[in-house]
Amino acid sequence: MNAKTVVIRLSDGGTATAAEPDWCRGEHDVVDALADVLHDGQEIVARIHLRGRTFEALQASLTQQPFASDPAARRPYVSALIDGVWVRLDAGEVLEVAAALEAHAGRLRALGGELAGLGRT
Ligand SMILES: [Zn+2]
């Protein structure tokens, strides 16, 4: 049982106390309404270092909106940035994304091999 709580500051000067999941980083901005409360876990991201630059892809974290009007958002989910859109994923969908990335990694390796075969390294 999680007994941890967090005090949420509201833009009207009020406060509210909410249950705080263990995985939440505990960074809560002032919100206009309780429906805006967002628990966010540690973000993970694929970092690709190329030619002195770092590119980031597929940011993802555990997320929960405990007071959202959408009941599905009140339960924890994974929020992931895919193709420029933040997508809400359940556990099975996270595995589908991971499988697609693994398949794509294989295709990328094959493409690199094809390029090397053309004499470009
Ligand atoms: Zn939180």
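The following legends describe close-up views of a predicted model.

**View 1. Confidence along the chain.** The chain has a mean pLDDT of 94, and 98% of its residues reach 70 or more. Among the elements of the chain, the lowest mean pLDDT, 93, belongs to strand E2 (residues 15–19), while the highest, 98, belongs to strand E6 (residues 77–82).

**View 2. The hairpin of strands E4 and E5.** Strands E4 and E5 run antiparallel and are joined by six bridges. Within this pairing, Arg-47 stands opposite Glu-56 in E5. Two residues separate the strands of the hairpin, and Arg-51, in the turn, has a positive phi of about 50 degrees.

**View 3. The setting of strand E4.** Strand E4 comprises seven residues, 44–50. The number of these residues that are buried is zero, so E4 lies largely in the open.

View 4. Gln-65 is placed in the loop between strand E5 (53–64) and helix H1 (71–74). Within 10 Å of Gln-65 there are 21 other C-beta atoms; because a residue counts as buried when 20 or more lie within that distance, Gln-65 is buried. When neighbours within four places in sequence are left aside, Gln-65 is in contact with Val-37, Leu-38, Ala-73 and Arg-74.

**View 5. Gln-65 and Gly-106.** This view takes in two residues of the chain, Gln-65 and Gly-106, which are 41 residues apart in sequence. In space, the separation between Gln-65 and Gly-106 is 36 Å, C-alpha to C-alpha.

Methods
Residues numbered from 1 in each chain as written. Predicted model: local features only at pLDDT ≥ 70, side-chain atom pairs only at ≥ 80, totals over all residues. Helix = DSSP H or I, 4+ residues; strand = E, 2+ residues; numbered from the N terminus. Buried ≥ 20, exposed ≤ 12 C-beta atoms within 10 Å, placed from the backbone. Contact = placed C-beta atoms within 7 Å. Pairing = 2+ DSSP bridges. pLDDT = per-residue confidence, 0-100.
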